[in-house]
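Thanks for sending this one over. Below are my notes, with the structure first so that you can follow along.

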Amino acid sequence: MNIFVTGGAGFIGSNFIFYMLKQHPDYRIVCLDKLTYAGNLSTLKPVMDNKNFRFVKLDICDREGVFALFEEEHPDIVVNFAAESHVDRSIEDPGVFLQTNIFGTATLMDACRKYGIKRYHQVSTDEVYGDLPLDKPELFFTEETPLHTSSPYSASKAAADLLVMAYYRTYGLPVTISRCSNNYGPYHFPEKLIPLMIANCLNDKALPVYGEGINVRDWLYVEDHCSAIDLIIHKGKVGEVYNVGGHNEMRNIDIVKLICKELDKPESLITHVTDRKGHDMRYAIDPTKIHDELGWLPKTKFADGIKKTIQWYLDNRDWWEEIVSGDYRNYYEKMYGKR
Ligand code: NAD
Ligand code: TDX
């Protein structure tokens, strides 16, 4: 089996590559990544010498480059993680989100149509469903919940999902989509809530909580997301959407306080700052379908996952300090500049 993993130098894609090479040591994994600000080649150091792994620096919007790689590799499965993923950046500058998240997805699927594929899997997000009110805890996102987006990021992801379903219906492309809740774990880029708060705590910097901090997110340990995708690409039904989440809702402020406690830092570091524009109140996934149909269950409880994650950031200071300082962007040049 030859699997293309796009966006594999980012947070979830890299964890997925590690997971797949462990679970399926005989599979070939080809990672395509543009190495944007969010892609970090040093993350993939542990697998760079694996004979079943290949890294290709490539923009998924580069039609010629993508088609040439399909011609060369003839992948069986494509798992598309590549995306602009940060909501705050999409509010500042939507253009690149439309480019990568929508046109990039279409380019990959066009290559799949031309060269044939066993499965195209789109990694989507619960944000395509918009948000739920705080005062109706009995409501959850199911696969039937209408798409109702809030940010340019979520709108671009929803547009991509619609395109994926259009390619299924119009061209018969064998597609699946997963919509997962917020992930956390190793290699999470320190612009996102949990790693940003850990890094700031460790540097005794202010902890910027948007608004009152009462917005709720449904957190899932990244490896559990990887196991869900592994199941979907092997056993999921073509043309179907699968929601992925572990029923672990928490308010932002409670997460930040927990991180302070774990790192023995004072809550006085918490600073309430101007709220995010259009800030979604609550995300909550109903994972009944993937559980009933594919037998998926998350393995890591939040209490354990957050401890493991904090320990990882303590043990891997170099990884995130290089990012915070901007030095990681020189890594590719250092590794590949003279090759
Ligand atoms: P990330 O920002 O950490 O990584 C994105 C990766 O994609 C980076 O390596 C980047 O270099 C690469 N990339 C960006 N534009 C590209 C392009 N044009 N061509 C090739 N590569 C490109 O993101 P993440 O948090 O790992 O998210 C991965 C996917 O999962 C995204 O599609 C995101 O929408 C989805 N998702 C994320 C979460 C979450 O909590 N992080 C939850 C649900 C779904
Ligand atoms: O400094 C911060 N302060 C703060 O209060 C940051 C960065 C975030 N927040 C809040 C905003 C959100 O309510 O924390 C919550 C989580 O924020 P993010 O980490 O930016 O994640 P979110 O906006 O929920 O989106 C994430 O989950 C769904 C990912 O970034 C998306 O890619 C994914 O689709």
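1. Ligand 2 is surrounded by 21 residues, the closest being Thr125, Glu127, Tyr153, Arg276 and His279; a residue counts here if one of its heavy atoms lies within 4 Å of the ligand. This is a predicted model, in which local features need pLDDT of at least 70, side-chain atom pairs count only at pLDDT 80 or more, and totals for chains, interfaces and linings use all residues. Side-chain values use heavy atoms, without hydrogens and water, residues are numbered from 1 along each chain as its sequence is written, and chains are lettered from A and ligands numbered from 1 in the order in which they are written.

2. Which classes make up that shell? It has nine nonpolar, seven polar and five charged residues. Nonpolar covers Ala, Val, Leu, Ile, Met, Phe, Trp, Tyr, Cys and Pro, charged covers Asp, Glu, Lys and Arg, and the others, Gly among them, count as polar.

3. For your polar contacts (pairs of N or O atoms within 3.5 Å), an oxygen atom of ligand 2 is 2.6 Å from a side-chain N or O atom of arginine 276. For histidine 279 the value is 2.6 Å, and for asparagine 252 it is 2.8 Å. Taken alone, ligand 2 exposes 650 Å², and the protein buries 93% of that (Shrake-Rupley method, 1.4 Å probe).

4. Please also look at serine 154, in helix α5 (residues 152-171), a DSSP run of H or I with at least four residues. Serine 154 is buried, at a relative accessible area of 0%; buried means under 20% with a 1.4 Å probe, protein chains only. The serine 154 side chain reaches the backbone nitrogen of serine 150 at 3.2 Å.

Terms used: Polar contact = N/O pair within 3.5 Å; in protein donor to acceptor, adjacent residues only side chain to side chain. Helix = DSSP H or I, 4+ residues; strand = E, 2+ residues; numbered from the N terminus. Buried < 20%, exposed > 50% of the residue type's maximum accessible area, 1.4 Å probe, protein only.
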